[in-house]
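Biologist: Could you walk me through this model, one feature after another? I would like the general idea each time, and then the case at hand.

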Amino acid sequence: MRIHKFLMAISLFFWLLSMTACSDIKLGAISPKGPQVESLGTFCTKDPDELNRFTKFLFVMDKSGSNSTTDPNNVKRAGNIERYYNSKKNDPNIKWGMIRFSGNKNGVRALIYDTDPNKAIFTQDEGLVNDGLNRLREEDLDATPYDGALGFTKQTIKQDMEEHPEEDSFYIVFFITDGAPTSPTLPGGKDSILGMVDDIVSVKPGSVMLSTAFYGPDYPMGEDLLQEMANRGGGKYINFNNTDEIDFDNLIVAPGKEPWRLKNFIVYNTNSAICEDQYYGMDSDGDGVCDKDEIKYGLNPQKRSTYDDGYSDFFWFLVKTNQIAPGNLTGCPDSKRIDDDMDLLNDCEEAIMRNMNPSGTKRRSADPKDPDTDNDGIIDGLETVIFRNMLGAPLNNQDVLMDLNGMGVNAYTQIFQHKNPLYPNRNAPSYDTYVEFSHFTDKGQSCYTFRQKNLQLYRTLPVAGSGTLPYQMGHDSFINRVLVYFIQTKSTDPNGKGIYMYSFQDLKGDAAYDGTLGTAAGLVVKDGVFTPYAIPKPIN
């Protein structure tokens, strides 16, 4: 095995040597500038309405005994819901949920569920929705426990957010009853009920709305309470006692549009990494370790994970240079070798990120569902390979605000320029990425112009597709995979979680130049090339 690795290293060394000989370039050295070609573009922040945002309807239905008089044939409840569902069931961005409340033995439970009636779900499965409607038509019995229904509603929404953080959802609750609450058992009575409505909408502020509908006889207390519940829930109230039909669209208050702003913009060649000599060099497999350093330490510069263990060679480089202990790299199952948030780290690698005193986040390990855990504008994978053995960097947003190398410029600016923020590098090549605000659209989007000439490209080694992250599939010689991304946030919450817009683009290095500037031809920066990833808000 050792002989095989030695021969592999010798073979790769002479391949690299032959490539540099073609143009009298020494391995790792900066060659003269190539021809300067400028990349130009324009782009706008994404209108949230264009995102794959789900509207999730939750019907909270009264099944008390009085319904045998007020809605004996279930026309007002099941009939209206069924008609509304049929009118919208083909909308791919709508999901449906339903719960019931009464005081009988079945009490408060889900009507639409998978296997457990104590766990409500949101679904697009027509069979499950019809099963729920059939359950709604079952016998009505006993009391009207508002408190139990509202508590179950909050639990349902919070649970859905926890299980589907990748879905940017707007929840619309329809609370429908024929009478006043018979069990305001919480201290405070009516005020407690209203407080529970406050709790529901606060689960996801601005994205949960509760409307109420009343179809019973004249119960002033019940009707007045329902009106107040709708006011507190940001929704609408309607009395449809004198008609069998209700249009639920009349109870919807659509979320208002809000302008979004650009938080940051980064261009980063994933085939360029900081070497042991503290300058950027060629990294063919995009694992964060220079090819020449991989050869030096017996790693494979044409494979992200030399040992096929789920950890990139960057972490084994830290082990081999005694910067972290090998015990950090424990077994990584196949299910964790994914990168859902597209931040250049898989789930096992995110777990290695540790910071007992984080800033910008409450987490002490990186979030596999958040590409920018500490909210500083630099995605977790870049912070990891740039800050090297500082494995808490993705959880400390103060790092990028500091001048860590005495250059008189903070780390963020140096990362933007593609420089090493930990080592003085006054003469190092610098990206000239330029982004300037242009105008607002009538939808409240902010638009920008982009240009760049300086971008280091390399005569990379070919890399096989296996053992790479999904967006770092294999490539031929000379191909450089460049990440262009920006993070946009709401104008009213510029420091909050936003939307990660990313684009991986392949540029081909010039055979005559290696690691030089002036070869940034071909970057495409325009609407439509970026893929959105909505960063989930932390759940308390």
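Biologist: Which residue does Cys 275 join through a disulfide?

Modeller: A disulfide here is a pair of cysteine sulfur atoms within 2.5 Å. Cys 275 is joined to Cys 290, with an S to S distance of 1.8 Å. The link of Cys 275 and Cys 290 is left-handed, with -85 degrees about the S-S bond. It connects distant parts of the chain, 15 residues apart: Cys 275 sits in the loop between strand 9 (272–274) and strand 10 (280–282), and Cys 290 in the loop between strand 10 and helix 8 (291–296). Helices (H or I, at least four residues) and strands (E, at least two) are DSSP runs, numbered from the N terminus.

Biologist: What should I keep in mind about the source of these values?

Modeller: This is a predicted model, in which local features need pLDDT of at least 70 and side-chain atom pairs count only at pLDDT 80 or more, while totals for chains, interfaces and linings use all residues. Residues are numbered from 1 along each chain as its sequence is written, and side-chain values use heavy atoms, with hydrogens and water left out.

Biologist: Are Cys 275 and Cys 290 buried or exposed?

Modeller: Buried means under 20% relative accessible area, exposed over 50%, and partly exposed in between (1.4 Å probe, protein chains only). Cys 275 and Cys 290 are both buried.

Biologist: How many disulfides does the structure hold?

Modeller: There are 3 disulfides. Counting bonded cysteines along the chain, their pattern is 1-6, 2-3, 4-5. One of them pairs Cys 44 with Cys 447, the sulfur atoms being 2.0 Å apart. Cys 44 belongs to strand 1 (residues 39–44) and Cys 447 to strand 12 (residues 446–452), so this pair ties together parts that are 403 residues apart in sequence. The torsion about the S-S bond of Cys 44 and Cys 447 is about 100 degrees, so this disulfide is right-handed. Cys 44 counts as buried at 16% relative accessibility, and Cys 447 is buried at 2%.

Biologist: What about Cys 332 and Cys 348?

Modeller: They form a disulfide too, with sulfur atoms 2.1 Å apart. The link of Cys 332 and Cys 348 is right-handed, with 100 degrees about the S-S bond. Both Cys 332 and Cys 348 are buried.

Biologist: How is a pair of aromatic rings described?

Modeller: It is described by the distance of the centres and the angle of the planes. Rings of Phe, Tyr and Trp (its six-membered ring) pair if their centres lie within 6.5 Å; planes under 30 degrees apart count as stacked, over 60 as edge-to-face and the rest as tilted. The structure holds 32 aromatic pairs. Among them, Phe 59 and Phe 248 are edge-to-face, at 5.1 Å centre to centre and 75 degrees between the planes. Phe 59 and Phe 248 are both buried. The rings of Tyr 215 and Phe 240 have centres 5.5 Å apart and planes at 55 degrees, so that pair is tilted.

Biologist: Which strands form the open sheet, and in what order?

Modeller: Two strands pair if DSSP finds at least two bridges between them. Here 4 strands form an open sheet in the order 8-13-14-15, with antiparallel pairing. Strand 8 (260–269) and strand 15 (531–534) are the edge strands, each pairing on one side only. Strand 13 (residues 479–490) and strand 14 (residues 499–508) pair over 10 bridges in the antiparallel sense, and Asn 480 stands opposite Leu 507 in strand 14.
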